Amino acid sequence: MDQNDINRLRGKTAVVGLAESGCGLASGWSAMEIMASAVHDALDDAGIKLKEVDGVFAATAFHSMAAMSLSEYLGVKPKFADGSQIGGSSFLSHILTAAMALDAGLINVAVVAYGSNQKSAGGFKTISEAMPYEAQYQPRMPVTAYALSAKRYMNEFGATREDLANVAVSARDWALLNPRAYTHQDGPLTINDVLSARPIVDPLGKLDCCLVTDGGAAVVMTRSDRAKDTKNTPIYLLGAAMEHHHRMISEMPDLVQTSAIESGKRAFSMSGYNPNDMSTIQLYDAFTINTLLFLEDLGFCKKGEAKELVKNNNIGPAGNLKVNTNGGGLSCVHPGMYGLFVTLEALRQLRNASGDDVGQRLDGGWIDNAKLSVAHGNGGVLSSQVTNIWGVSDTL
Amino acid sequence: MAENLKGTVGPEQQFKNFLSEGKFMIQRCKSLNKFFFHPRVAFPGSGERDLEWVEASGNGEVYSSSCNRRLSEKGGDFNLSLITLEEGPRMMARVEGIDPDKVEIGQKVKARISSLNGEPAVIFDIV
């Protein structure tokens with residue numbers, strides 16, 4: 001199969017509804033209740049009835065068979081379902097699978113969903129098994145893995161903790177413009193705040209790490225011919241690709257190069273656009289190092305140069321690159337697996353610019369004339385990388 | 001060879017058994033003349049199955065390192081590193097005998113077999 005055959009999925013499907021639920025703290029709500037609430041809200045947003053849903057895609061850290069549990073809870077009998085679990089990027093791969101199933105005619109309406117009550121239920125939640133050949137050393141996963149990458153990155157490229165801290169400062173500046181962000185009321189961060197935060201796994205301190213919150217999200221997808229007739233602005237899937245090279249950090253071929261190099265290249269190629277064409281850039285920032293790695297690996301700068309790119313708040317609201325405009329996993333929301341929230345922000349920016357009401361932001365929080373967004377998901381320990389490119393109708 | 005696994009143990013258990021005997025063994029593919037870690041039933045990526053166990057030299061270099069902060073009543077801070085072995089493969093391990101935040105990339109290290117939580121474990125010391 002050549003690239004043209006793969007690219008036939010370009011623009012064939014669209015998201016026509018989206019929602020989040022229970023973000024922040026949702027005491028008294030189960031992960032399933034949060035997830036199902038998001039699905040119903042997303043269907044309401046789309047103007048599509050539950051009984052039309054025939055494709056269900058989900059993964060959580062609470063359900064070993066999430067797509068099946070969600071289908072049962074909703075009372076849906078899917079003709080196709082996928083609960084693939086590749087960590088926080090699962091949902092971006094579900095979107096690719098959903099596009100394939102829609103395009104093949106197996107299903108007509110897909111929901112992709114996530115839900116977590118990890119914060120109100122007591123903290124970071126995982127169903128990951130212990131890793132052979134690593135577990136006996138008691139790494140504090142996932143933080144240790146990202147710290148190992150950060151240390152190597154700093155060593156290879158002369159980066160400093162200040163360079164990492166720039167990422168956290170800009171993320172917070174975006175969150176201050178977003179009333180939905182968990183840290184919206186917390187005020188700005190300084191470099192010194194980040195450097196002096198409690199060390200977790202050196203070189204990463206507490207403010208180099210994502211939030212721990214509750215939250216759920218869902219999107220509704222249909223084929224593009226139907227999407228045109230729904231009540232909101234459809235956002236088209238122009239490109240999607242995934243790749244992974246390892247499960248354990250000790251097996252990562254190179255600690256400073258992720259397989260986003262491959263997923264990004266193929267997703268952009270499918271879309272027909274380049275990194276510089278993106279109006280907004282939404283990256284899975286579980287830790288500050290992620291943003292540097294993904295800016296490089298997706299092609300926004302050369303390897304080792306992201307530390308320059310993020311200086312002077314260049315990825316903040318006043319900067320040239322509109323990166324993680326909701327505040328990111330660092331300052332907006334991070335209920336364990338963040339991938340669907342990366343997606344939501346990519347979509348919301350495009351819908352807002354198209355005139356849909358997708359919520360209020362302070363001045364500068366919405367990107368004017370946004371036409372194209374890249375959503376990039378990361379899973380495991382810099383393991384699975386999935387890139388989605390979204391665009392409005394005139395980018396088709 | 002894999003049709004009947006009875007009466008044998010897999011490479012993971014063989015590795016642990018060697019450690020219990022005081023030996024740090026890694027696998028080598030004979031036809032490729034390449035070492036790899038962690039232990040597997042075939043060479044990763046191309047599937048060759050002509051494997052043998054070879055005692056590792058124990059010589060290595062720190063590829064990356066982290067200081068994991070932990071309350072003193074739970075044992076205190078500890079080091080966790082990735083070590084590139086002289087033979088080529090990389091593995092996770094702890095570097096001991098030095099402050100956990102003083103381990104630096106590129107430092108030469110030497111393996112010894114110690115124990116962690118009652119299980120034999122490969123630990124490295126700065127050379």
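Residues are numbered from 1 along each chain as its sequence is written, and chains are lettered from A and ligands numbered from 1 in the order in which they are written. Because the model is predicted, local features need pLDDT of at least 70 and side-chain atom pairs count only at pLDDT 80 or more, while totals for chains, interfaces and linings use all residues.

Chain A contains an open sheet of 9 strands with mixed pairing. Strands here are DSSP runs (E, at least two residues), as helices are (H or I, at least four), and both are numbered from the N terminus. Two strands pair if DSSP finds at least two bridges between them. The strand order is 3-2-4-7-1-8-11-10-9. Strand 3 (80–82) and strand 9 (280–283) of chain A form the edges, each pairing on one side only. From one strand to the next, the twist averages 20 degrees. Angles run from 0 to 180 degrees between N-to-C directions, and axes are lines fitted to C-alpha atoms, for helices over the stretch in contact.

Two pairings illustrate the mixed sheet. Strand 1 (residues 13–24) and strand 7 (residues 214–223) of chain A run antiparallel and are joined by 9 bridges. Here A:Ala19 stands opposite A:Ala218. Strand 2 and strand 3 of chain A run parallel, with 3 bridges between them. In this pair A:Val56 faces A:Ala81 of strand 3.

In a regular strand the side chains alternate between the two faces of the sheet. In strand 2 of chain A, A:Gly55 and A:Phe57 point one way, and A:Val56 and A:Ala58 point the other way. All four are buried. A residue is buried if 20 or more other C-beta atoms, placed from the backbone, lie within 10 Å of its own; it is exposed at 12 or fewer and partly exposed in between.

Helix 3 of chain A lies across strand 2 (55–58), strand 3 and strand 4 (109–116) of chain A. The helix runs at about 125 degrees to strand 2. Helix 3 (residues 66–74) also packs with helix 2 (residues 31–46) of chain A, at an angle of about 65 degrees and with the axes 10 Å apart. That angle makes the two helices roughly perpendicular, a class that covers 65 to 115 degrees (under 35 is roughly parallel, over 145 roughly antiparallel, the rest oblique). Helix 2 contributes A:Met32, A:Met35, A:Ala36 and A:Val39, and helix 3 contributes A:Ser69, A:Leu70, A:Tyr73 and A:Leu74. Residues are in contact if their C-beta atoms, placed from the backbone, lie within 7 Å. The helix contact has 7 nonpolar residues, 1 polar and no charged. Ala, Val, Leu, Ile, Met, Phe, Trp, Tyr, Cys and Pro count as nonpolar, Asp, Glu, Lys and Arg as charged, and the others, Gly among them, as polar.

Chain B has 1 helix and 8 strands. Along the sequence the pattern is α-β-β-β-β-β-β-β-β. The C-alpha trace of chain B spans about 50 × 30 × 25 Å along its principal axes. Of its 127 residues, 29% count as buried.

The contact between the chains takes 21 residues from chain B and 19 residues from chain A. Strand 4 (59–68), strand 5 (78–85), strand 6 (90–96) and strand 8 (119–126) of chain B each give two or more residues. The chain B side has 9 nonpolar, 6 polar and 6 charged residues. Strand 5 (residues 199–202) of chain A pairs with strand 4 of chain B in the antiparallel sense, over 2 bridges. Across this pairing, A:Val201 stands opposite B:Asn68.

How values were computed:
Contact = placed C-beta atoms within 7 Å.
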